[in-house]
Amino acid sequence: MIDLRSDTVTRPSAAMRHAMAQAEVGDDVYREDPTVLKLEETAAEMLGKEAALFVTSGTQGNQIAVLTHARPGDEVILEAESHIFYYEVGAMAALAGVQARTLPGVRGQMPLSQLKKAIRGVNIHYPETKLICLENTHNRAGGAILPLSYMKEVYELAQAHQVPVHLDGARLFNAAVASGIAVREFAAAVDTVQVCLSKGLGAPIGSLLAGSREWIERARKWRKALGGGMRQAGVIAAPGLLALNTMVDRLADDHRRAKRLAEGLAQIPGVSIRPEDVETNIVIADISGLSVGMADFLQRLAKESVLATDFSETTVRFVTHVDVDDAAIEATLLAVSRSVSA
Ligand SMILES: *Cc1c(COP(=O)(O)O)cnc(C)c1O
């Protein structure tokens with residue numbers, strides 16, 4: 001099977017499994033797990049922040065960020081199709097009790113003029129704007145990169161209003177590798193950041209949340225409250241260290257393959273896609289020009305040993321990752337051609 005449903009489907013490499021077996025461990029709630037401490041130090045250093053916290057998932061990291069930045073009744077501004085708003089089960093409302101103010105973006109970017117208007121002034125009727133969230137790369141915008149210049153403009157505006165900025169950087173390493181700008185440069189344009197180890201970097205579990213030492217101390221308490229205080233977590237931190245140390249540069253291969261896939265798909269009659277929109281590892285193609293419907297199309301693809309997902313009623317999503325090589329991309333294009341003409 002060529003599994004292009006998501007970059008979360010990767011299996012840990014032999015090196016990762018070996019590292020898990022060999023990991024030095026301790027009780028991480030007592031802060032005695034040397035492998036977790038090493039992972040947190042490494043991430044903080046790479047992201048240019050004072051401290052980092054190992055969390056179970058990207059969702060947990062983002063929700064801890066919302067809980068640590070805001071209180072019930074506060075308002076959080078975020079892009080209308082951002083992961084935190086769209087895909088995190090309403091947790092910001094259910095757990096943090098905050099109100100979401102969503103602004104539709106263009107390739108993941110909330111227009112600055114709209115953002116400026118959305119920040120609340122002082123008025124007895126208003127909630128207080130306590131957080132702005134950005135997402136880079138932007139998942140539902142098809143892995144689009146938020147330019148560093150845009151992030152800096154948002155940060156300047158936010159700072160002028162004393163509103164902190166949190167970055168959902170589940171795929172920040174993809175943005176960094178594709179743009180040639182270090183993750184720490186992007187992270188410098190926000191107060192706090194969450195990065196995933198279990199997507200393109202290929203680790204089985206985990207994310208990191210980074211920020212100031214004082215803020216991470218408060219986040220650590222929220223992590224405990226959410227049941228994320230883990231014990232001998234070194235066994236899962238060890239592959240995370242390998243992810244940060246050995247899996248970043250190879251993301252360029254995923255991007256090259258996604259581009260090749262997009263260019264090949266663009267040649268298939270009835271499939272429409274603009275290859276220039278594919279900036280990283282996510283490929284979204286519109287199949288409304290085909291005579292087969294979505295369910296049928298995905299089923300035919302699966303029979304050809306290719307798995308993809310329906311992103312919307314008319315669009316299919318393919319995500320490249322470490323377990324998809326050049327041959328798999330060519331096989332996928334062949335499978336799509338056969339599925340549309342069958
Ligand atoms: C996957 C993802 C997350 C959350 O990751 P989980 O580890 O699956 O909870 C957060 N933000 C974005 C943009 C993502 O793509």
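My entries follow, grouped by topic.

**Ground rules**

I am working with a predicted model, in which local features need pLDDT of at least 70, side-chain atom pairs count only at pLDDT 80 or more, and totals for chains, interfaces and linings use all residues. Residues are numbered from 1 along each chain as its sequence is written, and side-chain values use heavy atoms, with hydrogens and water left out.

**Entry 1: the annotated domain**

I began with the UniProt record, an unreviewed entry, which lists residues 3-286 as "domain: Aromatic amino acid beta-eliminating lyase/threonine aldolase". I kept in mind that UniProt positions are given in the numbering used here, that feature names are shortened, and that annotations may be inferred rather than shown by experiment. In the model, the span 3-286 is 42% helix and 15% strand, and its end C-alpha atoms lie 19 Å apart. Helices here are DSSP runs of H or I with at least four residues, strands are runs of E with at least two, and both are numbered from the N terminus.

Which feature does UniProt place at K199? The unreviewed entry gives "modified residue: N6-(pyridoxal phosphate)lysine" there. I found K199 in the loop between β7 and β8. K199 has a relative accessible area of 12%, so it is buried (buried means under 20%, exposed over 50%, partly exposed in between, with a 1.4 Å probe and protein chains only). Not counting residues up to four places away in sequence, K199 touches D7, T8, T10, A170 and R171; contact means heavy atoms within 4.5 Å.

I followed that up from T10, which sits in the loop between β1 (2-3) and α1. T10 is buried too, with a relative accessible area of 7%. Leaving aside neighbours within four places in sequence, T10 contacts K199, G202, H321, V322 and D323.

**Entry 2: G206**

Is G206 buried or exposed? G206 counts as buried, at 2% relative accessibility. I located G206 in the loop between β7 (192-196) and β8. F54 is 152 residues away from G206 along the chain, yet their C-alpha atoms are separated by 6.9 Å. Beyond the neighbours within four places in sequence, G206 is in contact with F54, V55, T56, C196, L197 and S198.

**Entry 3: helix α11**

I checked the length of α11 (residues 234-246) next: its 13 residues reach 18 Å from first C-alpha to last, close to the 18 Å expected at 1.5 Å a residue. That expected span is 1.5 Å times one less than the number of residues. The buried residues of α11 are G234, I236, A237, A238, P239, G240, L241, A243 and L244. What covers them includes α1 (14-22), α2 (34-47), β2 (51-55), α8 and β8 (207-211).

**Entry 4: α8 against α12**

Two packed helices are described by the angle between their axes and the distance between the axes. For α8 (residues 172-179) and α12 (residues 251-266) I noted an angle of about 80° and axes 9 Å apart. The axes are lines fitted to C-alpha atoms, for helices over the stretch in contact, and angles run from 0 to 180 degrees between N-to-C directions. The two helices α8 and α12 are therefore roughly perpendicular (under 35 degrees is roughly parallel, over 145 roughly antiparallel, 65 to 115 roughly perpendicular, and the rest oblique).

Which residues of α8 meet α12? F173, N174, V177 and A178 in α8 meet L251, A252 and H255 in α12. By class, this contact has five nonpolar, two polar and no charged residues. The classes are Ala, Val, Leu, Ile, Met, Phe, Trp, Tyr, Cys and Pro as nonpolar, Asp, Glu, Lys and Arg as charged, and the others, Gly among them, as polar.

I stayed in α12 for K259, which is partly exposed with a relative accessible area of 30%. K259 contacts P275, E276 and V278, leaving aside neighbours within four places in sequence. The C-alpha atoms of K259 and V278 are separated by 6.2 Å.

**Entry 5: backbone details**

Where did I find a cis peptide bond? The bond from N136 to T137 is cis, with omega near -5°, and T137 is in the loop between β5 (129-135) and α7 (148-160).

I also noted V89, a residue other than glycine with a positive phi, near 60°. V89 lies in the loop between α4 (83-86) and α5 (91-94) and counts as exposed at 81% relative accessibility. S305 has a positive phi as well, near 70°. S305 is placed in the loop between α13 (294-303) and β10 (306-307), and at 33% relative accessibility it counts as partly exposed.
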